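The following paragraphs guide a new reader through one protein chain. Please keep the sequence and the three-dimensional view at hand while reading.

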Amino acid sequence: MASSSVSSCLLLLLCLAAVASAQLSPTFYDSSCPNALSTIKIAVNAAVQKENRMGASLLRLHFHDCFVQGCDASVLLADNAATGFTGEQGAAPNAGSLRGFDVIANIKAQVEAVCKQTVSCADILAVAARDSVVALGGPSWTVPLGRRDSTTASLSLANSDLPPPFFNLGQLITAFGNKGFTATEMATLSGAHTIGQAQCKNFRDHIYNDTNINQGFASSLKANCPRPTGSGDGNLAPLDTTTPYSFDNAYYSNLLSQKGLLHSDQELFNGGSTDNTVRNFASNSAAFSSAFAAAMVKMGNLSPLTGSQGQIRLTCSTVN
């Protein structure tokens with residue numbers, strides 16, 4: 001009996017140790033690569049200074065990564081005809097619009113020069129997203145670290161799990177709920193659209209067919225987004241027409257005026273359950289900043305690979 005109890009205790013301790021080692025920690029690289037975070041920040045600041053739009057692109061990369069298999073840098077894996085590998089970059093929500101891969105590759109190369117095969121691409125994405133928001137005047141948050149990189153990707157999940165711009169409120173709540181987010185957290189993370197741009201093909205139906213849009217706003221967009229499908233599909237418009245390169249709460253004020261660029265944006269303020277959240281964030285920038293930071297930490301915790309799972313890629317676009 002005593003021997004059995006000792007064995008049980010040892011097993012319990014081993015299990016607890018395994019759980020503890022699987023937890024992400026902000027200090028993960030303090031000893032193994034103390035200059036990792038500063039290296040990433042300097043590179044992100046340089047990229048955003050060169051092109052303001054890049055901040056939104058890096059934030060979107062992290063979101064499109066975490067929302068598929070989890071925060072494992074699967075979105076960075078490129079298709080490889082020679083090996084038959086198919087990644088997620090060709091998925092409908094990603095193809096022709098996801099960008100910033102070259103910036104991440106450059107950051108990875110700089111980090112590798114400081115610490116060989118130590119810092120994962122998944123962690124670089126998470127930190128770069130935070131640093132991009134900060135670079136554009138938004139809130140900061142502490143990024144838990146220790147994610148590892150996947151050796152797989154899922155085109156089918158990228159097509160099915162990333163919410164498209166034509167979703168209604170119920171569909172948005174379900175899509176985010178499937179990842180463990182509340183309706184309020186969904187509305188909070190949507191505030192990332194305070195920066196960035198969208199292609200005409202993604203807001204054409206909203207400006208021509210929806211009635212819950214400011215008509216002056218809709219008219220101002222039509223010249224650059226002709227009605228016929230296939231005409232000007234890739235033409236861009238800012239998601240936040242007020243302050244397109246500042247991370248602030250103007251996105252929510254725009255929704256109050258029916259100036260959401262995407263159908264899915266305006267669904268957050270259209271007589272539904274998230275109306276009060278939009279009103280709150282529109283009038284209280286501190287409340288939005290705090291909620292966004294917390295929601296980003298939660299998103300960064302979506303199914304990370306830790307411990308001996310996955311790998312630390314040498315280059316982010318290919319498995320070792």
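How do the residues of the lining of the largest pocket divide into nonpolar, polar and charged? The structure is a predicted model, and in it the lining of this pocket comprises 26 nonpolar, 15 polar and eight charged residues. The lining is made up of 49 residues, and R60, H64, P165, H193 and L262 are those that lie nearest the centre of the pocket. Two or more lining residues are given by each of α3 (53–66), α7, β1 (197–199), α9 (200–209), α12 (263–266) and α14 (285–300). The greatest contribution is that of α3, which supplies seven residues. The volume of the largest pocket is about 1200 Å³.

The domain assignment divides the chain into domain 1 (35–162) and domain 2 (169–299). Between these two domains there is a contact that takes 24 residues from domain 1 and 19 residues from domain 2. Their C-alpha centres are 22 Å apart. Each of the two domains provides at least three residues to the lining of the largest pocket.

In an unreviewed entry, UniProt lists residues 23–320 under "domain: Plant heme peroxidase family profile". Over residues 23–320, the chain of the model is 45% helix and 2% strand.

P163 is listed by UniProt, in an unreviewed entry, as "binding site". In the model, P163 belongs to the loop between α6 (155–161) and α7 (169–177).

Rolling a probe the size of a water molecule over the atoms shows where empty space is left. The structure holds one cavity of 30 Å³ or more, and the volume of the largest cavity is about 50 Å³. Its lining consists of H62, A126, W141, V143, P144, R147, M296, V297 and G300. By class, six of these lining residues are nonpolar, two are polar and one is charged. The largest share of the cavity lining comes from α14, with three residues.

Finally, the backbone deserves attention. Most residues other than glycine have a negative phi. Which value of phi does A73 have, although it is not a glycine? The phi of A73 is positive, at about 65 degrees. A73 lies in the loop between α3 and α4 (101–114). With a relative accessible area of 0%, A73 is buried, since that class covers values under 20%.

Q117 is likewise a residue other than glycine with a positive phi, in this case near 45 degrees. Q117 is found in the loop between α4 and α5 (121–135). Its relative accessibility is 38%, and Q117 therefore counts as partly exposed.

Terms used:
Residues numbered from 1 in each chain as written. Predicted model: local features only at pLDDT ≥ 70, side-chain atom pairs only at ≥ 80, totals over all residues. Heavy atoms only, no water. UniProt positions renumbered as here; feature names shortened; annotations may be inferred. Helix = DSSP H or I, 4+ residues; strand = E, 2+ residues; numbered from the N terminus. 1 Å grid on protein atoms, 1.4 Å probe; cavity = no way out; pocket = protein on both sides within 12 Å on 5 of 7 lines; lining within 4 Å. Points joined across faces, edges and corners; volume = space filled by probe spheres on them. Nonpolar A, V, L, I, M, F, W, Y, C, P; charged D, E, K, R; others polar. Domains from an automatic or database assignment. Buried < 20%, exposed > 50% of the residue type's maximum accessible area, 1.4 Å probe, protein only. Contact = heavy atoms within 4.5 Å.
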